[in-house]
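Try each task before you read its solution.

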Amino acid sequence: MSDAVINGWADCDAGPVALCLIQKLLPIDGPGGVIFPPTYKDIGYNIDQMSDGTKVATIDSVGSQANRLEPLFKRSSGVAPSGHRLAELVPQVTIVLGNGREVSLFDAGHRLGDAIVRSTRLKEAAREAFLAFLERGDAGPLAKLAPTSLVFGVWDSRDTSAKLPRILQAVIRAWNVDVLTRSAVYAPPVDYAALEVFSDDDKAKAEGDTKSPLAKRGFVHVPAGESPGGIVAHGDIIRTVTINLVALRRLNSSRDGDTVRRYLLGLALVVATEPADGFLRQGCLLTLDPAHPGAWQAVGRDGVRDTVTISSDEAWSYALAAAKAFGIESPETVAFDKEFAKADLADGAKKRVSRKPRP
């Protein structure tokens, strides 16, 4: 894949509207293996039923996939895999909490719109960058300060209300699933009533009552029945990755729009072509299906799909050149300031009062 073709994806309005990668995945124990989706409050697994009765389970949401991909840009810390090359492509912003802990901006869930940013001296720079986009359509300051906020999307909902869509999104779903349950019982290693820690009456009342203090502390038998036990997918488990070229081409900059867009596309390509880590959570380790490894397709406005080949090395070379042309800011370390955090909370309270409707 030549750089000229990739530049055209970033610059040419008549070019394809998106790049798509569809990958089939398999449970680590093969087709039909039990996997555990994430659970959500009140609903357990997120399973939708189609009009024909087919059940579709969310295995990893768009937000979760973004939160797994974005830290690949983080500088190694000794705990993370060492020397990750993607860290060379973006500015490293570290927030020091004052108790020996540090937080990378790549770990902040709301990215540049996160409360932790507004709790540092970066708050004004972040605000000016969001306003530059809102008032002048200039995405350059955001790309300088936090380029991955543009790649994975950001909403400054607590301040300027600037909202930028994701350029890159990924999601994993399993089709035609059956839901399993599991039951278990905890058996304490000794009879604490016999050891006169409490009475036999107390033991009899507590056993089976998960709300009992004795049960909560692990002193009596505690059965658990019909807990979520994973799913079996009779259909495919599909990971879909999309790079939205229309959203990318709508970004501009007073400095050099082409340079900004090519830089952001390079970041999207390089992280999208990195080998994915299939360990999503306990009980959910997935691999690519070697019989169906998937291929990138460039999707035109007319819906025509052309297969394109983009290797991780090609994406890396393009991204590195684009990053050098754009210019990467030096690493920055800022301190968390609780006074900034308190001021932000007070400001939020004022806004809530001002928004209340008059009686």
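You're looking at a predicted model, where local features need pLDDT of at least 70, side-chain atom pairs count only at pLDDT 80 or more, and totals for chains, interfaces and linings use all residues. Residues are numbered from 1 along each chain as its sequence is written, and side-chain values use heavy atoms, with hydrogens and water left out.

**Exercise 1.** Describe the surface and the interior of the protein.

*Solution.* Now go inside: 42% of the 359 residues are buried (under 20% relative accessible area).

**Exercise 2.** Work out how helix 1 and helix 10 are placed relative to each other.

*Solution.* First, find them: helix 1 covers residues 3-11 and helix 10 covers residues 257-272, helices being DSSP runs of H or I with at least four residues. Next, take the axes (lines fitted to C-alpha atoms over the stretch in contact). These come within 9 Å and cross at roughly 110 degrees. The two helices are therefore roughly perpendicular (65 to 115 degrees).

**Exercise 3.** List the residues through which helix 1 and helix 10 touch.

*Solution.* Look for contacts, meaning heavy atoms within 4.5 Å. On helix 1 you'll find I6, N7, W9, A10 and D11, and they meet D258, R261, R262, L265 and L269 on helix 10.

Key:
Axes fitted to C-alpha atoms, helices over the stretch in contact; angles between N-to-C directions. Parallel < 35°, antiparallel > 145°, perpendicular 65-115°, else oblique. Buried < 20%, exposed > 50% of the residue type's maximum accessible area, 1.4 Å probe, protein only.
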